[in-house]
Amino acid sequence: MSGLVKFLRRPIASTLVAVLVGLLIAILLVLVTGYDPLQTVATLVHGVFGSPKYITNVIIKATPILLTGVAVSFAFRTGLFNIGAEGQYILGTIVATIVGVSVNLPAVLQIPLVVLSGALGGALLGALIGFLKARLGIHEVITSIMTNWIMLYLCNFVVSSEAFHNPNSNTAYPINPSGYTMILPQWKVSDEGIEYLLQHPWLRDVLLKTDLNVGFLVAVFVAIVVGILLKRTKLGYQLRAVGLNKDAARFSGIAVERSVVLCMLISGGICGLAGALNITGINPHTLSTLVAQEGYGFNGLSVAFIAGCSTVGCIPSSLFFSALMYGGMTVQQVVGVPSEIINIMIGIIVFFTAIPSMAPWIADAIERRRSRENKNLAQETKGEEA
Amino acid sequence: MGKAAITRRSLLAAAGLGGLSLIACGGSRGSGKAGSGGRKVAMVTNVGGINDQGFCQLSWDGLKRLRDEKGYDVSYIESKLDSDYATNIDKAIDYGAEYVWSIGFAMADAAAFEAKINPDVNVKFGIVDANTSGAASLTGVLFKAQEPSFVVGYIAGRTTKKDRVGFVGGIASDNIYAFEFGYMAGVDYAAKELGKRIEVERQYAESFNDNAKGKSIAQKMYSGGADIVFHAAGSVGIGVIEAAEESGNFAIGVDMDQSYLSPTSVLTSAVKRVDQALFDLTPKLLDGEIAGGTDIILGLADGDYLGIPEHHEHIDDKVYQDALAVIEKIKAKEIEPPATEEAYSAFTKSIGIV
Amino acid sequence: MEPDSSYAVQMHGITKRFGNYTALSQVDLNVRKQSVHAILGENGAGKTTLMNILYGLYQADEGTIYLNGTPHSITGPNEAISNGIGMVHQHFMLVENFTVTENIMLGDEVCGPAGTLDMRMARKQVLDLVEQYGFEVDPDARIEDISVGMQQRVEILKALFRGAQTLILDEPTAVLTPQEIDKLLQIMDDLVASGKTIIIITHKLKEILRSADECTIIRRGEYMGTVDVSQSSEEDLAAKMVGRNVNLKVEKTPATPGEVVLDVNGLVVRDDRGIEQVCGLDLKVRAGEIVGIAGIDGNGQEELVNAIVSMTKAEAGTVVVGEEIQNTSPRNAIAHGVSTIPSDRHRWGLVLPMMVSENSVLEQHDKSSFGKGIMLDYNKMHEYTSMLIKEFDIRPSGCEDERIAGLSGGNQQKVIIAREVTQAPKLLIAFQPTRGLDVGAIEFVHKTLISERDRGAAILLVSYELDEVMDVSDTIAVIYHGKIVGTFEQGTVGEEELGLYMAGGGAK
């Protein structure tokens with residue numbers, strides 16, 4: 001078996017093939033709609049790697065979808081389809097904002113309080129969905145979709161409520177600055193901070209022009225911990241067993257219902273954490289009126305599927321996704337390619353990663369062709385001999 | 001390869017994708033196009049996006065006119081999230097824009113912040129519908145929205161047959177209050193002329209985008225006896241106009257002449273020509289003809305920025321002529337339409353309504 | 001052998017590969033016209049693959065198919081049907097709420113000139129067929145209302161309706177009672193007498209001896225030869241199939257029953273649809289004895305077992321193992337020393353995508369011997385599994401960290417048995433423990449059940465294979481419509497009589 005065929009049989013090959021096909025189709029689309037594909041690609045690359053602050057922004061934007069991606073992967077590995085990541089994310093932002101606005105403690109207390117309460121909000125919502133499934137048998141997809149909308153309107157309700165509405169805006173009050181999780185949040189926007197940073201362009205780019213925050217480190221940590229949880233702990237073992245074969249798990253004495261609730265609790269908690277970190281980590285540090293779902297949860301689904309539902313795999317996958325989204329905006333501005341084309345490209349990639357047998361199928365096709373060629377060759381030589 | 005791409009491009013342009021293709025050409029810098037080498041102006045939209053049927057779209061129209069008539073090199077960036085505002089303005093600077101417009105009051109903080117941290121870059125900033133908050137390179141452009149609102153309120157008051165009209169606002173804020181109280185004052189002014197009382201029913205949708213909500217609010221108003229509803233609510237207003245058409249009543253549009261949405265049901269519109277403002281102001285701001293760090297407040301008297309459409313097939317000609325007279329009175333400061341609740345109560349007192 | 005028109009079907013040098021795996025390698029099959037030809041092989045030997053190639057579901061990588069002496073390439077089932085080949089699958093492909101006639105004409109509808117269905121004509125054609133072969137099938141009955149044996153006849157009729165000359169029957173007796181099996185064999189004889197050819201796929205030696213003229217044996221995808229059945233014995237066939245001599249007799253000493261371990265009293269269980277499946281059932285199993293439950297699938301066996309281990313709610317009655325354990329939890333049943341070899345190992349017994357070692361500790365993973373605190377100790381699991389693999393001869397050796405899905409059915413079953421038996425249960429429930437296993441593996445399972453009995457465990461054997469119940473049990477209890485309708489000591493009752501009880505016809 002040749003190296004290529006061997007490679008195509010590995011799980012990661014399917015992902016890479018899907019990414020490649022997605023990029024190719026997107027380039028084709030760019031061509032067909034009349035733009036210069038070379039310039040598009042060059043601009044995309046420049047929009048991602050062109051400056052330290054672009055890279056920083058890609059990382060910042062990867063943070064929430066890494067977390068929701070981990071949450072979705074985790075749930076998927078334990079047999080649940082958490083399409084409610086969006087709603088849990090929103091509840092995370094809501095709770096974090098309410099707590100962050102209402103409480104004002106020193107940063108060492110405020111930050112964990114705001115972040116954890118956001119995570120707790122998401123966790124409780126997840127647990128509710130899990131409970132409805134475990135006890136009443138209502139499918140999590142249905143309850144999830146409904147809670148997504150309930151959370152959206154809850155968010156809008158909070159934004160427009162007397163207590164939290166920030167006058168003359170479509171936002172709520174920002175949280176108290178002691179809850180900010182950017183690097184040097186107060187100093188960098190103070191007059192002397194700006195003064196200093198203006199003298200150091202590189203630092204200014206990264207610190208002042210972006211909301212560089214600790215979120216990504218937290219998210220990577222969570223991805224690794226959840227990976228270990230799934231693979232190396234008794235709980236993870238139980239959850240996986242339930243996910244892969246609920247009947248056998250129950251038959252062997254694992255409490256399936258508890259497991260479903262727990263799984264959704266954890267998954268929801270991670271989504272809530274994503275929401276809370278976005279509130280503490282990036283401007284405007286508050287809720288704004290939502291017209292439609294912002295897509296952090298749904299993008300998490302894409303991240304998870306590109307990663308093949310590996311929690312650690314979500315790290316590169318979220319960065320890749322974020323780079324496309326962020327770089328795509330530059331492409332739109334500079335080349336004029338509508339951002340929809342970028343979205344179509346992402347859609348195609350996700351679509352193809354959903355066909356895990358694609359790479360093995362290509363491997364089969366190559367092998368078949370080879371064996372046919374060999375056969376023909378053999379027959380030819382035979383014929384010659386005769 | 002390159003040749004093939006160009007042919008295809010021109011084909012498509014001919015096939016009616018003109019707008020898109022032109023942007024494409026605008027992007028291919030230095031390719032011998034008339035606009036290349038022109039002054040670079042960029043705009044960053046709010047979350048409404050470039051196709052919002054209103055504010056952002058109008059602004060982009062203004063920039064497109066700059067491109068077509070003056071050879072400017074213009075581009076836009078759409079914001080998907082509130083947290084994108086600052087980074088998008090920053091991106092516009094990175095790509096060499098000399099002037100960056102931020103569209104909408106939601107972007108006020110981001111625009112001020114960017115103005116503050118980019119003192120060394122050769123770029124100036126403008127924001128539509130918000131104050132400058134003090135940064136030297138930032139100019140605010142504001143409209144006296146109460147003035148056209150007063151005029152359409154006057155037309156509504158003169159036209160209503162049921163002595164009951166409505167107002168649908170987007171998200172409660174000072175900007176929208178100007179529409180609301182200007183409109184109410186106009187209605188009252190007409191009622192005073194006619195010697196009767198006209199009720200104004202008011203409600204906020206708490207959204208600028210929720211079509212369905214606008215529709216249901218307007219439906220309630222119409223079934224409650226109102227026959228004309230004015231909206232200052234972005235796409236929420238599309239629902240208001242739908243409700244008017246379905247119930248056979250009138251709606252009053254906002255920002256641009258919205259009669260194209262429903263020729264039978266849009267009575268008139270309180271026009272606020274952001275496109276004209278950006279077209280006129282951008283060159284002056286770029287050349288320093290107007291200094292930065294100030295607010296430019298545009299009223300009826302300041303040019304062709306505010307007003308009502310000329311066509312008035314649903315309005316009695318007498319009423320229309322009177323409305324034009326009202327506009328002249330506002331220009332002459334004989335009438336000062338109120339923009340706040342306090343000013344409104346002062347106004348009603350002044351014309352003798354309690 | 002040269003192509004010959006006295007053969008209905010000839011398959012020469014058939015090779016089929018799936019990726020790197022060779023399912024069939026140079027297999028020959030020669031089926032004489034108007035004969036019953038059996039294909040014998042262990043599970044996974046390639047019998048069904050061979051038949052799927054004949055039926056056009058797969059294409060062979062190498063080899064030629066001759067029908068009546070002329071070569072044919074069969075690229076799909078439609079082509080197989082038009083060449084007179086019909087197949088009756090192990091799992092019936094019938095529409096439950098259609099009538100017999102509607103099912104038979106499905107896919108080959110009888111239409112009037114305007115293209116509308118002509119039910120009257122269709123019904124007449126079906127009736128003609130029924131009469132021609134003496135099938136005793138009501139053309140107007142709905143599938144859901146008729147017995148399994150009858151459904152099978154509908155499947156056969158369906159093939160005949162489309163003009164099948166050669167019928168492939170895939171494991172046709174797996175779901176039938178002894179009486180229904182007799183009837184099927186009779187039908188097969190009639191079909192052959194009227195000119196048809198029958199290919200029967202099976203791993204049951206007795207039926208081959210009773211029905212087939214010739215038998216082709218396949219072992220691990222390789223052709224082992226074709227034998228004249230009248231010249232063969234069960235032992236010969238078994239040895240050829242497995243590749244070594246097999247002891248078909250179950251050898252055991254008389255039981256020495258002790259105290260009652262399992263005591264079921266007045267148990268009532270409903271299924272998901274609320275229908276009572278176990279209706280006041282009483283049963284006792286003592287330490288040191290094997291009680292076998294004989295009965296046809298669907299008479300409450302599944303609900304009985306599930307209620308004992310608290311997988312299903314008991315509406316009424318008690319299950320006593322030391323104390324009452326009904327309606328607690330599977331975990332509680334395990335804690336009371338109940339171990340279960342489930343009927344469907346893929347559904348109830350194993351987590352297929354997990355490793356062998358992970359499956360080996362499914363019930364015990366939270367014990368301190370497999371990890372500290374919240375962590376799981378994969379080294380200890382590995383060690384423990386190695387021990388099981390060695391002791392129970394699970395193959396391939398060294399498969400601890402492989403996915404259990406990659407093991408053969410027999411070895412998967414060995415993992416379950418090893419896991420359950422190693423816990424030294426007080427009560428071992430073996431539900432269809434040899435389902436889908438080959439003779440070699442069956443021998444192992446039976447030996448293990450008996451050695452567990454001799455250790456002092458109480459064994460409840462529930463099986464749809466009457467031979468198994470009769471051979472292994474010390475006491476045979478017949479279940480019918482959710483009740484035990486007869487209890488016999490081993491050796492005091494014959495197959496015929498048990499068959500009558502199983503069909504509800506026993507003395508009340």
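**Notes on the contacts**

1. In chain C, 12 residues of domain 1 are in contact with 13 residues of domain 2 of chain C, where contact means that the C-beta atoms of two residues, placed from the backbone, lie within 7 Å. Helix 6 (178-193) and helix 8 (234-242) of chain C each supply at least two residues of the domain 1 side, and helix 8 of chain C gives the most, with five residues; helices here are DSSP runs of H or I with at least four residues, strands are runs of E with at least two, and both are numbered from the N terminus. By class, this side of domain 1 of chain C has five nonpolar, four polar and three charged residues, counting Ala, Val, Leu, Ile, Met, Phe, Trp, Tyr, Cys and Pro as nonpolar, Asp, Glu, Lys and Arg as charged, and the others, Gly among them, as polar.

2. This is a predicted model, in which local features need pLDDT of at least 70 and side-chain atom pairs count only at pLDDT 80 or more, while totals for chains, interfaces and linings use all residues. Residues are numbered from 1 along each chain as its sequence is written, and chains are lettered from A and ligands numbered from 1 in the order in which they are written.

3. Chain C is divided into domain 1 (7-242), domain 2 (248-337 + 425-508) and domain 3 (355-423), with bounds that come from an automatic or database domain assignment.

4. The contact between chains B and A takes 36 residues from chain B and 32 residues from chain A. Helix 2 of chain B gives the most to the chain B side, with six residues.
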